[in-house]
Amino acid sequence: MDKIRILPNNIIQTIAAGEVIERPYSIVKELLENAIDARAKNIDIHVDTLGDSKIKILDDGIGIDKRDLNLCIKRHATSKIIHNDLGKIDTLGFRGEALYAISAVSRIEIISKTEQMNTAFKIIVQDNNIIENMPSKGKNGTSVLVEKLFHNFPVRKKFLSNKKAENYYIRETIKNIAMSNPKINFNYYEDGKSKLSFLNFKNERNVKNRILEILGKDFYESSLLVEAKKSFFTLKGYISIPTYNKSSWKDSVIIVNNRVIKDRKILGVIKAAYSGLLAGNRFPVVVLSLRVPFSDIDVNVHPRKTEVSFYRIKELNSIIIKAIRKKLETSGLINSGIYEKKFLNIFSGENKEKYLQKKRSFFESYESFNSNELNKPEKISAELKKELDKTKTYRLGSAIAQINKMFIVSQTENKVILVDQHAAHERIVLEKLKSSYLNNNIERQTLLIPEIIKVDSNIKLFLNNKEKIEKLGIKFESYGEDSLLVRDIPSILGKIKIQELFDDLFIQLNRFEEVDLNGLQIEKLFSSIACHNSVRAGRKLNTEEMNNLLRLMESTPNSGQCNHGRPTFIELSIKDIERLFGRT
Ligand code: ADP
Ligand code: MG
């Protein structure tokens, strides 16, 4: 190794700048934050990708005084830390590094005017030096133009080559920031063309409207408002119902005191709140805004300010989990409608033509049979009619048929509903087990003939946790070196394959470091037990049984989705059905 030496200034600058400005979108983020801190009401963002990349951001905020213009590009120069107190930061910026870092890796031109100034003033900065300084034209507010990006930073230049990807990140950055600032107008242009435009709403439904604009109608209609308040923490936001789920957290936004952060731990807590409602590789979409006292967080933990550290993280986690869980459990049967939409799309546009073509050719070949069957009037039994009359009052209507021993067809006044009987029953069993566990009264059935289950060397895990497993309604004892004798199982499961139940139970138990039946473990254990219910899986049901299942669904929390986040029912309005037949 060579001798130790202090690095030359320009290298020190580039290293420091590299931490703040990771790639082009970081510039957009920093400049947007400055405009927001300057209390701008309108912010325009221009990105030029043709030729040399350029980024320009204009705001109508408070502006920068002529004297401060020379200072703002210096390292650690900021107007935002008051009384040198890092503990009281209510602005997005505070490190006084962004303009310094940007000017270390590019050429920038800042034009600014405060209300007090008669004319705007302009500076041009390159490699941290002001190379021009003069009066200029300009309205109240600030514009920052960034050019020659990474001209002296070859390893980062690669980001400029994939403009599509970079523009995508820029758009995502703008969307996130717009989500946390619904009162500001944002306009984004790529090569002069308007690509995003978020205009403020004058009424109090600001946040929800901005979410509608950014995350779209499907999320808007599939989300629930959550609100919670405890000591000085407040939480407010929208969470998707479980059947509206995605393969990543990409669309989710966590905002802490107006700052969009990326926090794996908080996302983990949110995922935990959905446990039992979503499969492991599916994620809800959430927009959550937290307000936390200054004294409870440290915002100064990341060079790009994308993380914060919470001092009372446990308390916060419990507020988040409880608020989400409660909301999901009390919201009843909501349907995201996205499955129905996919289905209906099959019959629209080009697809519709194909479908009609098929139908026509079917009937052409059918006509030659000239069947009288078709002309027979439909018979409606008195019993069915009675059931149909009741439909107005039930959310899931009255059962009218069963398909393939798997699906129940029911009807309400203006909807036809299809229920996946197994998925629905699985959820009902799970919720029933959970609530009876909490009340300490899981009903057990004693097997007529105790069953011998082979568990090999896993026997230790079962015996070590015997008492805890018994609390789940399963009674067993050891039987030789590698088997168990099972005497009781929860009654609600009916007649099931007990060996399979134990195989699955082992997989779950083995995942826990220690079995201590906390809320999450219970959820997981019962969901692996519940999928062994036999009662309605692939069974023919009579009308009464079907209606009973529908009524149970209506009274069971979370029964709109199975344990993996798939819907337990879908519904089509009579209007939709009319559309299918081309009547509207
Ligand atoms: P920080 O935001 O951490 O203070 P910056 O380097 O981003 O650091 O900005 C330095 C200073 O320049 C800010 O503290 C602020 O006073 C001023 N400034 C930067 N951008 C703007 C703007 N768009 N409007 C008004 N003032 C600005
Ligand atoms: Mg800043």
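This is a predicted model: local features need pLDDT of at least 70, side-chain atom pairs count only at pLDDT 80 or more; totals for chains, interfaces and linings use all residues.
The protein chain contains 19 helices and 22 strands. Its radius of gyration is 31 Å, whereas the globule rule gives 25 Å for 584 residues; because the value is well over that figure, the chain is more spread out than a compact globule. The C-alpha trace spans about 90 × 70 × 50 Å along its principal axes. Of the contacts between residues at least 6 apart in sequence, 67% join residues at least 24 apart.

Of the 584 residues, 47% count as buried. The protein chain exposes about 31600 Å², and 52% of this area is supplied by carbon and sulfur atoms. Charged side chains comprise 95 positive and 73 negative ones, and the centres of the two sets lie 3 Å apart.

In soluble globular proteins, nonpolar side chains tend to be buried together. In this model, the largest nonpolar core has 96 residues. The members that touch the most others are Ile 43, Ile 45, Ile 110, Phe 186, Ile 270 and Leu 288. Helix H2, covering residues 24-37, gives the most to this core, with 7 residues. With neighbours within four places in sequence left aside, Ile 45 is in contact with Val 28, Leu 32, Ile 57, Ile 174 and Phe 186, among others. The contacts of Ile 45 also include Lys 56, Asn 187, Tyr 188 and Tyr 189. Another core, of 33 residues, lies apart from the largest one; among its members are Leu 447, Phe 462, Val 486 and Phe 512.

Methods. Residues are numbered from 1 along each chain as its sequence is written. Chains are lettered from A and ligands numbered from 1 in the order in which they are written. Side-chain values use heavy atoms; hydrogens and water are left out. Helices (H or I, at least four residues) and strands (E, at least two) are DSSP runs, numbered from the N terminus. The radius of gyration is taken over C-alpha atoms; the globule rule is 2.2 Å times the number of residues to the power 0.38. Buried means under 20% relative accessible area, exposed over 50%, partly exposed in between (1.4 Å probe, protein chains only). Contact means heavy atoms within 4.5 Å. Accessible areas come from the Shrake-Rupley method with a 1.4 Å probe; for residues, only the protein chains shown count as cover. Lys and Arg count as positive and Asp and Glu as negative; His and the chain ends are not counted. The place of a charge is taken as NZ of Lys, CZ of Arg, CG of Asp or CD of Glu. A nonpolar core is a set of buried Ala, Val, Leu, Ile, Met, Phe, Trp, Tyr and Cys residues joined through side-chain atoms within 4.5 Å.
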